[in-house]
Every structure is written in structure tokens, then in C-alpha cells.
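Please open the model in your viewer and keep a selection tool at hand.

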Amino acid sequence: MADLSHINVEEIQEQEFTPVEPGWYQAHVEFSDYKENKNKTGWLLSLRFKITDEQAPGRVVFANLNLEHENTQAQQISQRQFKKLCTAVGKNQVNDSSELHELPVLIKIKIRPESAQYPASNDVVDYKSIDEGGEARPW
């Protein structure tokens with residue numbers, strides 16, 4: 001066990017989250033996991049992107065791709081997104097999601113509006129190679 005009595009939780013200031021502005025950003029996959037979705041209706045590739053350009057350096061955004069899903073349309077949409085990501089980082093075939101890590105890519109971010117259950121957040125909605133996009137900037 002660890003003695004944590006010296007840490008006063010009440011004194012720790014909460015950090016307000018604000019979504020990244022919509023637009024194109026240079027980033028790379030920092031972490032990935034392939035896991036069963038919460039409804040147990042398929043499997044998703046969970047991706048954590050770290051933004052590397054000067055508009056939002058170090059910010060993190062997430063994408064979940066339903067690569068195997070009982071809903072054919074959801075699966076097809078995610079598989080097309082996966083193909084775009086693979087193409088953007090120069091991969092024709094990926095055997096392990098770690099092969100996508102640390103490769104530069106342009107990601108298009110949008111803001112998912114606040115709902116009754118959740119605050120506003122970001123979604124990654126598109127991918128391009130660094131060569132395709134020139135200088136990354138929101139537009």
C-alpha cells in the first residue's frame with residue numbers, strides 16, 4: 001500500500017476541458033487497442049491521436065472504428081475510415097495496430113455538440129497524408 005495522506009484532494013484544481021477547434025491537424029497515433037464494444041455487438045479499434053502541430057500541440061483526440069459490427073453500415077463506414085488512415089500513413093496492410101503508431105498523418109477534427117449526458121467533445125472524421133495537405137491548419 002502507498003501512503004497518500006500528504007495529498008489533499010480538495011486542494012487539487014480541476015481543469016476545464018475545451019474541445020480542439022474544427023479543422024485539419026498534423027498528428028500521430030499514440031496508442032491503440034482492439035476491443036469488444038460496450039454493447040457486445042462487435043469489435044472496435046480505439047485510437048488515441050496526439051496533435052503535433054502548433055495550433056494545438058500535445059492535445060489528444062480519439063477515434064473508435066467499428067471494424068467488426070453486427071450493423072453492416074456501421075462496419076462499412078468504419079472500414080472505409082480505417083482504409084483512409086492506412087493509406088494516409090502509407091500502409092497497404094496492417095497486421096497489428098501498433099504499425100500505425102508514431103506515423104505522421106493529417107486528421108480532420110469536428111466538434112460533437114454537448115448533449116444532456118456529455119459535454120462537447122471532438123471526433124476525428126477524416127485522414128490525409130502529410131503530403132496531400134501541405135501545412136496543417138484549421139479551415
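The stops below each give a selection and then describe what is found there.

**Before starting**

This is a predicted model, in which local features need pLDDT of at least 70 and side-chain atom pairs count only at pLDDT 80 or more, while totals for chains, interfaces and linings use all residues. Residues are numbered from 1 along each chain as its sequence is written, and side-chain values use heavy atoms, with hydrogens and water left out.

**Stop 1: the whole chain**

Display the protein as a cartoon. Two helices and five strands make up its secondary structure; helices (H or I, at least four residues) and strands (E, at least two) are DSSP runs, numbered from the N terminus. Followed from the N terminus, the order of elements is β-β-β-α-β-β-α. Along the principal axes, the C-alpha atoms fill a box of roughly 50 × 40 × 35 Å.

Next, show the surface. The accessible area is about 9,700 Å², and carbon and sulfur atoms hold 47% of it; such areas come from the Shrake-Rupley method with a 1.4 Å probe, and for residues only the protein chains shown count as cover. Of the 139 residues, 35% are buried. Here buried means under 20% relative accessible area, exposed over 50%, and partly exposed in between (1.4 Å probe, protein chains only). Among contacts (heavy atoms within 4.5 Å) with a separation of 6 or more, 51% are between residues 24 or more positions apart.

**Stop 2: the nonpolar core**

Select Phe49, Ile107 and Tyr127, the residues with the most contacts inside the largest nonpolar core, which has 25 residues. A nonpolar core is a set of buried Ala, Val, Leu, Ile, Met, Phe, Trp, Tyr and Cys residues joined through side-chain atoms within 4.5 Å. Colouring by element shows where the core is drawn from: β1 (23–36), β2 (42–51), β3 (60–69), α1 (72–88), β4 (105–112) and β5 (121–128) each contribute at least two residues.

**Stop 3: helix α1**

Select 72–88, the range of α1. This helix of 17 residues spans 24 Å from first to last C-alpha, close to the 24 Å expected at 1.5 Å a residue; the expected span is 1.5 Å times one less than the number of residues.

Which residues of α1 are buried? They are Ser78, Gln81, Phe82, Leu85, Cys86 and Ala88. Viewed down the axis of α1, the buried residues fall within an arc of 160 degrees, so they line one face of the helix; the arc is that of the directions from the helix axis to the C-beta atoms. An α-helix has 3.6 residues a turn, so residues three or four places apart point the same way. The buried residues of α1 pack against β2, β3, β4 and β5. On the other side of the helix, Thr72, Gln73, Arg80, Lys83 and Thr87 are exposed.

Now inspect the two ends. At the start of α1, a side-chain oxygen of Asn71 comes to within 2.9 Å of the backbone nitrogen of Gln73. Just after α1, Gly90 adopts a positive phi of about 80 degrees.

**Stop 4: Cys86**

Remain in α1 and select Cys86. Cys86 counts as buried because its relative accessibility is 7%. Beyond residues up to four places away in sequence, Cys86 touches Lys91, Val94 and Leu100. A distance label from Cys86 to Thr52, 34 residues apart along the chain, gives a C-alpha separation of 19 Å.

**Stop 5: two strand residues with polar contacts**

Select Asp123 in strand β5. Asp123 is buried, with a relative accessible area of 15%. Its side chain forms a polar contact of 2.7 Å with that of Arg112. A polar contact is a pair of N or O atoms within 3.5 Å; within protein, one must be able to donate a hydrogen and the other to accept it, and residues adjacent in sequence count only if both atoms are side-chain atoms. Leaving out residues up to four places away in sequence, Asp123 touches Lys108, Ile109, Lys110 and Arg112.

Move to His69 in strand β3. The side chains of His69 and Thr41 are joined by a polar contact of 3.3 Å. Apart from neighbours within four places in sequence, His69 is in contact with Asn37, Thr41, Gly42, Ala74 and Gln75.

**Stop 6: two loop residues with positive phi**

Most residues other than glycine have a negative phi. Select Lys40 in the loop between β1 and β2: Lys40 is not a glycine, yet has a positive phi of about 60 degrees. Lys40 counts as exposed, at 59% relative accessibility.

Finally, select Glu102 in the loop between α1 and β4. Glu102, likewise not a glycine, has a positive phi near 65 degrees. Glu102 is exposed, with a relative accessible area of 53%.
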